[in-house]
Amino acid sequence: MGEGRTAQPRGDVYDWYQRGMELLQARNPAAAAALLEHAVRAEPSSRSVREALARAQFDSGAYADARDNFAAIVEDNPTDDYAHFGMGLACARLGNYEDAAEHLALAVAMRPDNKHYATALRNARAARARG
């Protein structure tokens with residue numbers, strides 16, 4: 001998560017989460033990530049808050065931070081297919097196609113019906129093969 005800490009926003013964790021999700025939906029992921037970082041600091045064990053932060057970080061191009069937050073979710077719940085998917089996508093954006101393929105393969109194994117997972121896995125494997 002970012003190094004510079006800003007003043008705490010008004011409201012509570014739920015308010016920050018709700019506003020963060022609204023910002024994410026409004027395609028303002030950097031602002032969403034800044035707000036959701038406060039929520040994760042206050043509730044580090046909340047899976048939904050951490051996932052929202054990871055999504056906002058990914059969408060704003062902070063791939064290493066997104067990978068780290070998806071990894072925290074996977075550590076707490078190794079069977080979370082979406083967290084493996086997000087981690088795989090973040091690893092791919094960072095150029096780590098080996099780890100990307102591993103996490104995407106796990107996501108596909110857990111949800112073989114998800115076409116987004118399968119497409120991302122094919123893309124990561126192809127990028128790894130080009131190498």
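**Helix packing and the buried interior**

Tutor: H1 and H3 run roughly parallel to each other (an angle under 35 degrees; over 145 is roughly antiparallel, 65 to 115 roughly perpendicular, the rest oblique). Their axes come within 11 Å and cross at roughly 30°; axes are lines fitted to C-alpha atoms, for helices over the stretch in contact, with angles from 0 to 180 degrees between N-to-C directions. The model is predicted, with local features needing pLDDT of at least 70 and side-chain atom pairs pLDDT 80 or more, while totals for chains, interfaces and linings use all residues. Residues are numbered from 1 along each chain as its sequence is written, and side-chain values use heavy atoms, without hydrogens or water.

From H1, the residues Tyr 17, Met 21 and Leu 24 meet Ser 48, Val 49, Ala 52, Arg 55, Ala 56 and Asp 59 of H3 (contact: heavy atoms within 4.5 Å; helices: DSSP runs of H or I, at least four residues, numbered from the N terminus). Sorted by type, the residues of this H1 and H3 contact are six nonpolar, one polar and two charged (nonpolar: Ala, Val, Leu, Ile, Met, Phe, Trp, Tyr, Cys and Pro; charged: Asp, Glu, Lys and Arg; polar: the others, Gly among them).

Arg 27 has a positive phi of about 65° although it is not a glycine. Most residues other than glycine have a negative phi. Arg 27 counts as exposed because its relative accessibility is 76% (exposed: over 50%; buried: under 20%; partly exposed: in between; 1.4 Å probe, protein chains only).

H2 also packs on H3, at an angle of about 150° and with 8 Å between the axes. That angle makes H2 roughly antiparallel to H3. On the H2 side the contact is made by Pro 29, Ala 32, Ala 33, Leu 36, Glu 37, Ala 39 and Val 40; on the H3 side, by Val 49, Arg 50, Ala 52, Leu 53, Ala 56, Gln 57 and Asp 59. The residues of the H2 and H3 contact comprise ten nonpolar, one polar and three charged.

Phe 70 belongs to helix H4. With a relative accessible area of 2%, Phe 70 is buried. Setting aside residues up to four places away in sequence, Phe 70 touches Glu 51, Ala 54, Arg 55, Tyr 82, Ala 83, Gly 86 and Met 87. Its C-alpha atom is 15 Å from that of Tyr 117, which is 47 residues away along the chain.

One of the partners of Phe 70 is Glu 51, a residue of H3. Glu 51 counts as buried because its relative accessibility is 14%. Beyond four places in sequence, Glu 51 touches Phe 70, Ile 73 and Tyr 82.

Ala 90 has 0% relative accessibility and so counts as buried. Apart from neighbours within four places in sequence, Ala 90 is in contact with Phe 58, Tyr 63, Ala 66 and Arg 67. Between Ala 90 and Arg 67 there are 5.3 Å from C-alpha to C-alpha, although the two are 23 residues apart in sequence.

The last pair is H6 and H7, packed at an angle of about 155° with axes 9 Å apart. H6 and H7 are therefore roughly antiparallel. H6 uses Tyr 97, Glu 98, Ala 100, Ala 101, Leu 104, Ala 105, Ala 107 and Val 108 to meet Tyr 117, Ala 118, Ala 120, Leu 121, Ala 124, Arg 125, Ala 127 and Arg 128 of H7. The residues of the H6 and H7 contact are 13 nonpolar, no polar and three charged.

How values were computed:
Helices (H or I, at least four residues) and strands (E, at least two) are DSSP runs, numbered from the N terminus.
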